[in-house]
Amino acid sequence: MQDLPNLFLVGPMGAGKSTIGRLLAAELSRTFHDSDHVIQDRCGADIPWIFDVEGEPGFRLREVQMIDELTRLSGVVLATGGGAVLREENRRALRERGTVVYLLTTVEQQLKRTARDKNRPLLQRVDREQVLKDMFLLRDPLYRATSDITVRTDRRSPRAVVNDILRRARRLNDPLENRQLTDSGVSS
């Protein structure tokens with residue numbers, strides 16, 4: 001369905017951005033990009049190595065460049081890294097160049113989904129739960145301010161989340177469909 005603008009997924013690590021993004025892209029016959037994976041491919045190194053060598057500021061600079069480049073493409077679904085919203089230039093690029101979907105999940109769900117993942121440098125600590133809680137407090141307002149749509153992913157199948165995103169994105173981007181849904185008794 002090419003009548004929808006680019007779809008950009010934001011949210012915390014473990015929210016399902018990559019999984020949901022791939023399914024959305026397949027459903028829409030679009031190209032899928034994961035900004036973290038593209039950064040790794042271009043650098044020839046994984047994110048923990050980039051964090052070790054360049055620190056988080058170095059990684060965030062690469063991320064700004066990558067998000068600027070990827071959001072300029074057309075007909076894409078983009079999954080961003082969990083911290084992408086920390087930089088104003090990323091938030092602006094996402095808001096101005098597509099529909100932004102915030103995949104919201106609980107800290108408990110994040111802990112389960114990232115339990116064995118060694119590619120998340122910010123979680124390589126004993127107090128993982130507190131780190132995730134602190135990140136949520138800082139980032140949740142940024143995700144909300146950047147997004148057009150917020151969708152919960154806990155206890156839902158990826159397919160159900162994709163269907164919800166598509167339904168809501170179509171309603172957001174097609175005023176006639178929105179009016180028809182309202183006229184037929186279905187509320188926004």
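Reader: To begin, which residues does Val10 touch, not counting residues up to four places away in sequence?

Author: Keep in mind that this is a predicted model, where local features need pLDDT of at least 70, side-chain atom pairs count only at pLDDT 80 or more, and totals for chains, interfaces and linings use all residues. Numbering starts from 1 along each chain as its sequence is written, and side-chain values use heavy atoms, without hydrogens or water. A contact here means heavy atoms within 4.5 Å. Leaving aside residues up to four places away in sequence, Val10 touches Lys17, Thr80, Val85, Leu94, Val100, Val101, Tyr102, Leu103 and Tyr143.

Reader: Fine. Which residues touch the most other members of the largest nonpolar core?

Author: A nonpolar core is a set of buried Ala, Val, Leu, Ile, Met, Phe, Trp, Tyr and Cys residues joined through side-chain atoms within 4.5 Å. Buried means under 20% relative accessible area, exposed over 50%, and partly exposed in between (1.4 Å probe, protein chains only). The largest such core has 21 residues, and those touching the most other members are Phe8, Val10, Phe59 and Leu94.

Reader: And which element gives the most to this core?

Author: Helices (H or I, at least four residues) and strands (E, at least two) are DSSP runs, numbered from the N terminus. Two or more residues of this core come from each of strand S1 (7-10), helix H2 (35-43), helix H3 (47-71), strand S3 (76-79) and strand S4 (99-104). With seven residues, the element that gives the most is H3.

Reader: How many residues are in the other core that lies apart from it?

Author: Leu4, Leu7, Leu103 and Ile165 are among the members of that other core. Its count comes to 18 residues.

Reader: Back to the helices: at what angle do the axes of H2 and H3 cross?

Author: Axes are lines fitted to C-alpha atoms, for helices over the stretch in contact, with angles from 0 to 180 degrees between N-to-C directions. The contact residues include Val38, Ile39 and Cys43 on H2, and Ile50, Phe59 and Met66 on H3. The axes of H2 and H3 come within 9 Å and cross at roughly 115 degrees.

Reader: So what are H2 and H3 to each other, roughly parallel or roughly perpendicular?

Author: Angles under 35 degrees count as roughly parallel, over 145 as roughly antiparallel, 65 to 115 as roughly perpendicular and the rest as oblique. With their axes crossing at roughly 115 degrees, H2 and H3 are therefore roughly perpendicular.

Reader: How far apart are the axes of H3 and helix H4?

Author: H4 covers residues 88-97 and packs on H3 at an angle of about 10 degrees, so the two are roughly parallel. Glu63, Val64, Ile67, Asp68 and Thr71 of H3 meet Glu89, Asn90, Ala93, Leu94 and Arg97 of H4. As for the axes of H3 and H4, they are 9 Å apart.

Reader: On to the loops. Which is Thr153, buried or exposed?

Author: Thr153 sits in the loop between S5 and H7. Not counting residues up to four places away, Thr153 touches Ala15, Leu103, Leu104, Thr105, Arg113 and Val161. Because its relative accessibility is 3%, Thr153 counts as buried.

Reader: What about Arg155, buried or exposed?

Author: Arg155 is in the loop between strand S5 (149-152) and helix H7 (158-173). Phi is near 50 degrees there, a positive value in a residue other than glycine. With a relative accessible area of 80%, Arg155 is exposed.

Reader: And what is the phi of Ser29?

Author: Ser29 lies in the loop between helix H1 (17-28) and strand S2 (31-34). At 63% relative accessibility, Ser29 counts as exposed. Ser29 isn't a glycine, yet its phi is positive, at about 55 degrees.

Reader: What distance separates the C-alpha atoms of Leu166 and Glu27?

Author: Leu166 is in helix H7 and counts as buried, at 3% relative accessibility. Leaving out residues up to four places away in sequence, Leu166 touches Leu4, Leu24, Glu27 and Leu28. Leu166 and Glu27 are 139 residues apart along the chain, and their C-alpha atoms are separated by 9.3 Å.

Reader: Last one: how many helices and strands does the chain have?

Author: Along the sequence, the pattern reads β-α-β-α-α-β-α-β-α-α-β-α-α. The chain has 188 residues, 46% of them buried. Its secondary structure comes to eight helices and five strands.
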